[in-house]
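Please read the points below with the sequence and the model side by side.

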Amino acid sequence: MATTAQPGVALPSPLRRSQGVALRRSLVLMGMTVVLPGSAQLAVGKRRLGRVAVRTWLAIVVAVLVLALLLLTPARALLIGLYANPVTLTVLKWVAPVLGAGWILLLLDAWWLANPRHLSTAGRWVSGIVALALAITSGTIAWTASSAFGTQAKLFGNVFGGGGTSQVQNGRINVLLLGGDAGADRTGLRPDSMTVASIDAETGRTVLFSLPRNMQHAPFPADSPLHAKYPNGYFCHVKNLADACMLNGVYTLAVQNKKLFPGVKYPGVEATRGVIEETLGLKINYWAMIDLKGFQQLINAVGGIRLDIGKRVPIGSLHGPKGVYDWIEPGKNVKLDGFHALWFARSREYSTDYERMIRQKCVMNAMLRQLNPTTVLTKFQDIAAAGEQIVATNVPTSELGTLLDLAVKGKSLPMASVSFTPPLVVPMDPDFAKIRTVVKDRIAESEAADAAPTASASTSAPADGTASPKPTGTKSGKPSKTNTDNLDSVCKVSG
């Protein structure tokens, strides 16, 4: 039976030492459980429970270390794809709290094994508070991990629907990026931004091809359900330019004729993909369509982006109730939050659609170069919530590892970009043969930079991520300069 002191009566010295030893033993056993669950039970002779707990913990540690090492090998793409599978994440969601509960029980058992009845009143309070704090901390860690796995399972299950093709197209993976506003105040969705990222399947070196939203006569491929209706391309004679058959209207056209696309979940994307494939002469592996609200949240989630801005960009619209009510000022290393990054990418006033396309690619380039694994890990929940705003993508979870690998490789390489805008192309009467020639030439230049980096150093894309102008053939056979983007005149990625 424990002996406690009466008020005003000092405990015998041996008893005080005994209670001090008991308190230290209690704290040590709980500390051992924190470092190596089950070790406290082994130390006091509960070998069966201790062995099971220690072996379970060591198995988890070894598995994590092995997976970490495998992430440094070519097997990482397969591992990332396996991890991103919603089934895997759902299993981990439930495993985490089970392990957490086991950890809490071991901590409480370690506290009890120290026999708190032999402690002084103060010692009982100290050991009890420590045990409770450790149990709450363990439960919080387990609950947080479970919540993160659940969020990831939901994100990957809802967003990455699959359906794209992983087959490399002439050594490249081509991804169509569509940006549009699916807000309640708009009838349907008209993609305002249409860019194809053509990525070398080995090096990750990327060329961006941007098409203007007002391009007319866009050709439907022969196997498109809309080809019969527009055999000579998407064009209609109208007096009002707003009613013209432009490239960004293909999406709405397909949605209005969705009966022509039986079994297709996103007829607008399917039709747009076919037209852009025909226009560029590239086969699209994957597409991703992003709602602008999600874009703004995503920028905020990663902590903003930094750009060198060379020109004032207005916030607001001359036709809106507020008019132009603020400006994004030029400067070096300007930090933009989601709101300002969105206006920087979309602002129309005092500029052309073509300049706006350049700004959009500046933002894309900044996101690619400034997003890092630390940011993703520390702000994952916010990034995942923003990811839910992605309307759709046909990238399967099994290919996420491959695409992430390429993104990491391409991050250190200059990113070339071409906008098919005046004077290179006249959107109302585009030279599609010329467009395909430019695409072919730009890809050839990009691949040559990888094949002979030393020889091409003097002609490779500069550090601002733009492509160097180079003569290319036209329909008439006369050489002309390809009007590649000079991003530095409008913005430059910082940091």
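The numbered points below go from the whole chain to single residues.

1. **Basis of the note.** The model is a predicted one: local features need pLDDT of at least 70 and side-chain atom pairs count only at pLDDT 80 or more, while totals for chains, interfaces and linings use all residues. Residues are numbered from 1 along each chain as its sequence is written, and side-chain values use heavy atoms, with hydrogens and water left out.

2. **The chain as a whole.** The secondary structure comes to 15 helices and 13 strands; helices (H or I, at least four residues) and strands (E, at least two) are DSSP runs, numbered from the N terminus. Of the 495 residues, 43% count as buried. Buried means under 20% relative accessible area, exposed over 50%, and partly exposed in between, with a 1.4 Å probe and protein chains only. Among contacts (heavy atoms within 4.5 Å) with a separation of 6 or more, 70% are between residues 24 or more positions apart.

3. **The largest nonpolar core.** A nonpolar core is a set of buried Ala, Val, Leu, Ile, Met, Phe, Trp, Tyr and Cys residues joined through side-chain atoms within 4.5 Å. The largest one has 40 residues, of which F209, F220, L247, L280, F420, I435 and V439 touch the most other members. At least two residues of this core come from each of β1 (172-180), β2 (193-200), β3 (206-211), α7 (250-256), α8 (267-280), β4 (286-291), β10 (416-419) and α15 (432-451). Apart from this core lies another, of 21 residues, including I305, A341, A345 and C362.

4. **F209 in detail.** Which residues does F209 touch, not counting residues up to four places away in sequence? They are M194, T195, V196, S198, L280, L282, V418, F420, V439, R442 and I443.

5. **The cavity.** Rolling a probe the size of a water molecule over the atoms shows where empty space is left. On a 1 Å grid over the protein atoms alone, a cavity is a set of points where a 1.4 Å probe fits but cannot get out, and its lining residues have an atom within 4 Å of a point. Grid points are joined across faces, edges and corners, and a volume is the space filled by probe spheres set on the points. The structure holds one cavity of 30 Å³ or more, and the volume of the largest cavity is about 80 Å³. Its lining has 13 residues, and D192, S193, L211, M357 and Q360 are the closest to the centre. Two or more lining residues come from each of β2, β3 and α11 (353-370), with α11 giving the most, five residues. The lining divides into four nonpolar, four polar and five charged residues. Here Ala, Val, Leu, Ile, Met, Phe, Trp, Tyr, Cys and Pro count as nonpolar, Asp, Glu, Lys and Arg as charged, and the others, Gly among them, as polar.

6. **The disulfide.** A disulfide is a pair of cysteine sulfur atoms within 2.5 Å, and by this rule the count comes to one. The bond joins C236 to C245, with an S to S distance of 2.0 Å. The torsion about this S-S bond is about 115°, so the disulfide is right-handed. C245 is buried, because its relative accessible area is 5%.

7. P86, in helix α5 (residues 86-113), is partly exposed at 25% and is in contact with A153, F156, G157 and T397, leaving aside neighbours within four places. V130, in helix α6 (residues 121-159), is partly exposed at 29%. V130 and L27 are 103 residues apart in sequence, yet 7.9 Å apart in space, C-alpha to C-alpha.

8. **Backbone details in loops.** A cis peptide bond, with omega about 0°, joins P422 and P423; P423 is in the loop between β10 and α15. N115, in the loop between α5 and α6, has a phi near 55°, a positive value in a residue other than glycine. N170 also has a phi near 55°. N170 lies in the loop between α6 and β1 and is exposed, with a relative accessible area of 77%.

Notes: 1 Å grid on protein atoms, 1.4 Å probe; cavity = no way out; pocket = protein on both sides within 12 Å on 5 of 7 lines; lining within 4 Å.
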